[in-house]
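Please read these notes with the structure open beside you, and take the points in order.

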There are 2 protein chains.
Amino acid sequence: MNASTPRAGIPTHDWVYRTLRRRIMGGGLAPGEAVTLRGLATELSVSMTPAREAVRRLVAERALEMTPTGRAAAPRMTRDRFEELTQARELLEPALAIRALPNADKMLSNRLKELNSQLDTHIASGDAAAYVAGNADLHATLYARANAPALMALVESIWLQTGPFMRLVYGRLGTQSLADYHAIAIAALDSGDEAALAEAIRADVRQGLNLAEDAFQQG
Amino acid sequence: MNASTPRAGIPTHDWVYRTLRRRIMGGGLAPGEAVTLRGLATELSVSMTPAREAVRRLVAERALEMTPTGRAAAPRMTRDRFEELTQARELLEPALAIRALPNADKMLSNRLKELNSQLDTHIASGDAAAYVAGNADLHATLYARANAPALMALVESIWLQTGPFMRLVYGRLGTQSLADYHAIAIAALDSGDEAALAEAIRADVRQGLNLAEDAFQQG
DNA sequence: GCAAGACAAATGTGATCACAATTGTCGCAT
DNA sequence: ATGCGACAATTGTGATCACATTTGTCTTGC
């Protein structure tokens with residue numbers, strides 16, 4: 001089954017971490033669903049020790065929740081929590097974009113346009129997981145130019161928390177067309193318009209919140 | 001030595017985590033200084049397993065750094081990193097304060113005034129560790145009224161990263177008098193002035209940055 | 001039919017151990 | 001003196017195990 005495990009050099013616990021993390025982001029764990037140490041260990045053909053380390057790390061990063069009895073489960077998203085995390089994104093991400101602006105060049109904006117067009121493909125095919133991953137990839141590519149690892153780490157920790165839920169939201173929406181704030185942001189990047197760039201990022205993040213609100217109302 | 005360890009009910013790894021975390025925040029670990037699993041384990045009279053979990057958790061929370069060879073050490077603060085973390089605080093903390101504002105009452109502001117006066121005591125006695133802890137306590141008390149646990153967790157993770165360094169900064173400064181933006185913030189809280197509250201918080205955070213800049217220039 | 005209780009399986013926690021890699025130290029040659 | 005290499009101690013990693021608690025299930029009694 002896991003014949004696709006070409007892990008060379010990297011520690012076992014790190015590999016388990018990445019594997020489990022990918023599963024969480026990809027929606028492989030339903031909210032509230034628990035993951036057992038022995039189950040994870042035997043499934044990945046490792047011992048309990050690295051499995052436990054991977055789980056604890058994801059708990060520390062809030063990608064997993066700890067039940068009172070000490071079991072790790074995929075966290076349930078609430079409207080309030082999602083709204084908080086969105087506000088944090090709305091505050092931090094424009095700052096990262098502005099920091100990236102002076103370091104942007106034509107090659108970057110071309111790369112961003114390429115990533116953005118791939119998003120259209122994922123929307124068209126209804127691949128919500130690929131869309132969420134690609135969306136994070138696009139934002140990460142831009143913010144990488146900010147050379148701000150500490151800020152970046154904060155934002156990525158938010159993505160880790162909202163990712164599984166956003167995947168669910170986009171899954172419900174199907175192939176609905178979305179306002180392309182990415183394109184606006186890239187245009188602002190090209191023209192060096194700081195305020196427009198920040199506003200486009202904010203609008204993009206806020207659009208995610210609106211989509212989620214609809215999903216919450218549906219149930 | 002560790003006779004003061006009345007841990008009842010809480011898991012060992014959690015107790016080790018809290019103990020080590022307190023040590024880091026209190027400056028018990030010099031930047032770059034490594035902590036060994038066996039050393040920590042034997043010192044706290046526990047096995048390597050909970051020691052390892054505690055260390056890994058602190059690494060995940062960026063309160064400890066991982067060297068390429070897999071050893072955990074207290075992270076070194078750079079000017080750039082501190083500037084990034086300060087900007088994050090400057091963005092997130094005013095938002096938390098504004099969220100807390102509608103839930104504030106006379107009892108809260110009295111409590112905050114009390115905590116703020118304790119800070120003066122710590123400045124006067126030159127107890128940098130107590131000052132940093134008390135400062136975090138004051139901010140936390142205000143933000144708790146925001147009922148925003150996800151945002152709060154983000155801010156606390158920043159404090160965890162900046163805490164040890166701030167303690168060092170305040171330690172150098174000695175009993176220097178600081179502008180009391182806390183008092184301004186509390187006044188804004190009492191009068192319900194949202195903009196003034198946010199600005200006072202920003203100024204408070206920025207003051208920390210300025211102090212640190214001085215420290216960086218000294219060496 | 002169903003709720004409660006007893007029993008069994010499963011689970012998290014912490015300890016111990018073997019192994020490989022790293023780190024520190026001592027001695028030797030230049 | 002000083003740089004270098006071999007050896008020993010230290011360290012992180014992963015595996016395995018025992019134990020107490022929790023969870024799931026089946027039976028029993030009403």
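1. A polar contact is a pair of N or O atoms within 3.5 Å; within protein, one must be able to donate a hydrogen and the other to accept it, and residues adjacent in sequence count only if both atoms are side-chain atoms. This is a predicted model, in which local features need pLDDT of at least 70 and side-chain atom pairs count only at pLDDT 80 or more, while totals for chains, interfaces and linings use all residues. Side-chain values use heavy atoms, with hydrogens and water left out, residues are numbered from 1 along each chain as its sequence is written, and chains are lettered from A and ligands numbered from 1 in the order in which they are written.

2. At the bases of DNA strand C, a polar side-chain atom of Arg38(A) lies 2.9 Å from a base nitrogen, and a side-chain N or O atom of Arg52(A) is 3.0 Å from a base nitrogen.

3. Chain A and chain B each give 27 residues to their contact (heavy atoms within 4.5 Å). Across this interface there are six salt bridges, a salt bridge being a side-chain nitrogen of Lys or Arg within 4 Å of a carboxyl oxygen of Asp or Glu. One of them joins Arg52(B) to Glu53(A), with the closest N and O atoms 3.2 Å apart.
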